[in-house]
Amino acid sequence: MDHFALKDGVLYAEDVPLPRIAEEVGTPVYVYSRATLERHARVFSEALASLGDPLIAFAVKSNPNLAVLNVLQKQGFGADVVSGGELRRALAAGIAPDKIVFSGVGKTRAELQLGLDERIGQFNIESREEGYELAEIAASRGIEAQACLRVNPDVDAKTHAKISTGKAENKFGVPLMRARETFAELAALEGMNLRGVAIHIGSQLADLEPLETAFAKVGALVADLRAAGHPITHVDLGGGLGVPYRKGEVLPSPAEYGAMVARATAGWDVKLIFEPGRVIAGNAGVLLTRVVRMKRGGNGPPFVIVDAAMNDLARPALYGAWHDFEAVAPSGERMTANIVGPICETGDTFATDRECDALVSGDLAVFRTAGAYGATMASSYNSRGFVAEVLVDDDRFAVVADRIDAGAIMDAERVPDWLL
Ligand code: LLP
């Protein structure tokens, strides 16, 4: 359920017609709906309500916009961050430090220091080596790092290979077979309060079964660690719940996910932590774009050339991902087309042989389900600048990220004297 719908033949975000945003802000532009973000946050929280008092730490990487983080902070969400930059954003959005979890396989010394200085709630340690470094820094400051050990359960999440994280060959976490000895070693360090374990097996999961298998392995590990005398008080179950990208597609609901978690974690007696990203932000955003022109195909369908490109929305080029594509003012007629951006490589293709609303040059259209892993993965390739972002709230909207034009990016560059 989202708040993007046709009213009198025109696509609205809540009570704002998208053509108004295109006119005032230009295209391409990401448009987020506050009501949708809030609804998703509420539905997810309610689905986990029977699990005591879990911490829901929004995966900032999915949509780090400050306004979006602010909306979610007001819903009681914490933040899962993976860099110093994301940590600073979470704090700037008013998220309490004790609700911040720091994940990531390559945290630098400076990032570990920043997390300790800010007294964040939890570090998810991804290796023995990282654990030693974290403990050493904390001990030198006379404090303790609150931490979980991320384990790699070697479970196939059955998702795209590039976003699978819980197989033995992936770089994430400590292999389950070494988890007990690594835990014991790190838990004994001065400066370390190792209080639990964490996992995250992948993203856009369409099936709950791999998650349940992974959670069962975590349950067995928790029992083993307790038997070895470690007080385990926290378990972080990561994120990963998928969302429908195609109209009509049905994925496990947050309620089904919550029921599975309740079953899998019965009797654990720990504080649970969750790190959802896509399921909160995905359907809360669209990428609004304008057709630059139409072009006849060679021996295939015509090309719809839009002003958005792979630098603005990388997912189709990177993962072959599907995003529904709809006219903002559909005439009712349909066409089959290749939908492409202006960038000079064939990979800049959003859809091939796609049946979609009939469009002509100058029309507005949207890529749906672009609220997660959209703007945040943008680049300035082809010197196109960074796309703007807008947040809608009922009948008002605000630009929540300025368009950064190619000139501003060029201003950060210089030619050294010795070349002149
Ligand atoms: N926690 C950790 C440790 C993660 O690595 C991730 C995502 C999440 C939570 C959030 O997962 P979610 O609930 O959003 O599935 N760029 C890719 C997705 C990469 C996901 C990386 N990790 C895409 O566009 O599909």
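Arg315 is found in helix H11, residues 315-319; helices (H or I, at least four residues) and strands (E, at least two) are DSSP runs numbered from the N terminus. This is a predicted model, in which local features need pLDDT of at least 70 and side-chain atom pairs count only at pLDDT 80 or more, while totals for chains, interfaces and linings use all residues. Residues are numbered from 1 along each chain as its sequence is written.

The mean pLDDT (the predictor's confidence in each residue, from 0 to 100) of the protein chain is 97, and 100% of its residues reach 70 or more. The model has an ipTM of 0.99 and a pTM of 0.97.

UniProt, in an unreviewed entry, lists Arg278, Arg315, Tyr319, Glu345 and Tyr373 as "binding site". These residues are spread over 96 residues of sequence and also in space, with up to 27.8 Å between C-alpha atoms. UniProt positions are in the numbering used here, feature names are shortened, and annotations may be inferred rather than shown by experiment.

Tyr373 lies in the loop between strand E19 (364-367) and strand E20 (388-393). Two of the listed residues are compared below for burial (buried: 20 or more other C-beta atoms within 10 Å of its own; exposed: 12 or fewer; partly exposed: in between; C-beta atoms placed from the backbone).

| Residue | C-beta neighbours inside 10 Å | Class |
|---|---|---|
| Arg315 | 22 neighbours | buried |
| Tyr373 | 25 neighbours | buried |

Contact means C-beta atoms, placed from the backbone, within 7 Å. Leaving aside neighbours within four places in sequence, Arg315 is in contact with Ala321, His323 and Tyr373. On the same terms, Tyr373 contacts Ser62, Arg278 and Arg315.

Technical notes: Two residues are in contact if their C-beta atoms, placed from the backbone, lie within 7 Å.
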